[in-house]
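Student: Could you take me through how a sheet, a core and charged pairs are read from a set of coordinates?
Tutor: Let us take them one after another, with the structure in view.

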Amino acid sequence: MPDTHRQREKPCARCGLSSPVMYRVVRRAAEGWVFLCPPCRREAENNPDYRYGGTWKADKGRGGSG
């Protein structure tokens, strides 16, 4: 049976590094939605324009039975 997990990468909009977990956030209203790594997200949380929009994971499994 084939492996049903995909390994993906996405760079952080602030530092450019890849992380297995990224957060979709708004840092500045004019910028719109971006993906940040955990350390950069913690820094962005102090911004009054900050909004959280979800968590992205590099290891995305395809659930289901069978």
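**Reading the sheet, the core and the charged pairs**

Tutor: In this predicted model, β2 and β3 run antiparallel and are joined by 4 bridges. Within that pairing, Val 25 stands opposite Val 34 in β3.

Student: What is the order of the strands in the open sheet?

Tutor: The sheet has 3 strands in the order β3-β2-β4, with antiparallel pairing. Because β3 and β4 (51–57) stand at the edges with a single partner strand each, one side of each is left without a neighbour in the sheet. From one strand to the next, the twist averages 25°.

Student: Which residues should I look for in the largest nonpolar core?

Tutor: In soluble globular proteins, nonpolar side chains tend to be buried together. Here the largest nonpolar core has 12 residues, among them Met 22, Val 25, Val 34, Leu 36 and Trp 56. At least two residues of this core come from each of β2 (21–26), β3 (33–36) and α1 (38–44), and β2 gives the most, with 3 residues.

Student: How many salt bridges does a search of the whole structure find?

Tutor: Side chains of opposite charge can pair when their charged atoms come close. The search finds 4 salt bridges, including one between Glu 43 and Arg 14, whose closest N and O atoms are 3.0 Å apart. Since Glu 43 lies in helix α1 and Arg 14 in the loop between β1 (5–7) and β2, the pair ties together parts that are 29 residues apart in sequence. Glu 43 is partly exposed, with a relative accessible area of 47%, and Arg 14 also counts as partly exposed, at 47% relative accessibility.

How values were computed. Residues are numbered from 1 along each chain as its sequence is written. This is a predicted model: local features need pLDDT of at least 70, side-chain atom pairs count only at pLDDT 80 or more; totals for chains, interfaces and linings use all residues. Side-chain values use heavy atoms; hydrogens and water are left out. A nonpolar core is a set of buried Ala, Val, Leu, Ile, Met, Phe, Trp, Tyr and Cys residues joined through side-chain atoms within 4.5 Å. Buried means under 20% relative accessible area, exposed over 50%, partly exposed in between (1.4 Å probe, protein chains only). Two strands pair if DSSP finds at least two bridges between them. Axes are lines fitted to C-alpha atoms, for helices over the stretch in contact, and angles run from 0 to 180 degrees between N-to-C directions. A salt bridge is a side-chain nitrogen of Lys or Arg within 4 Å of a carboxyl oxygen of Asp or Glu.
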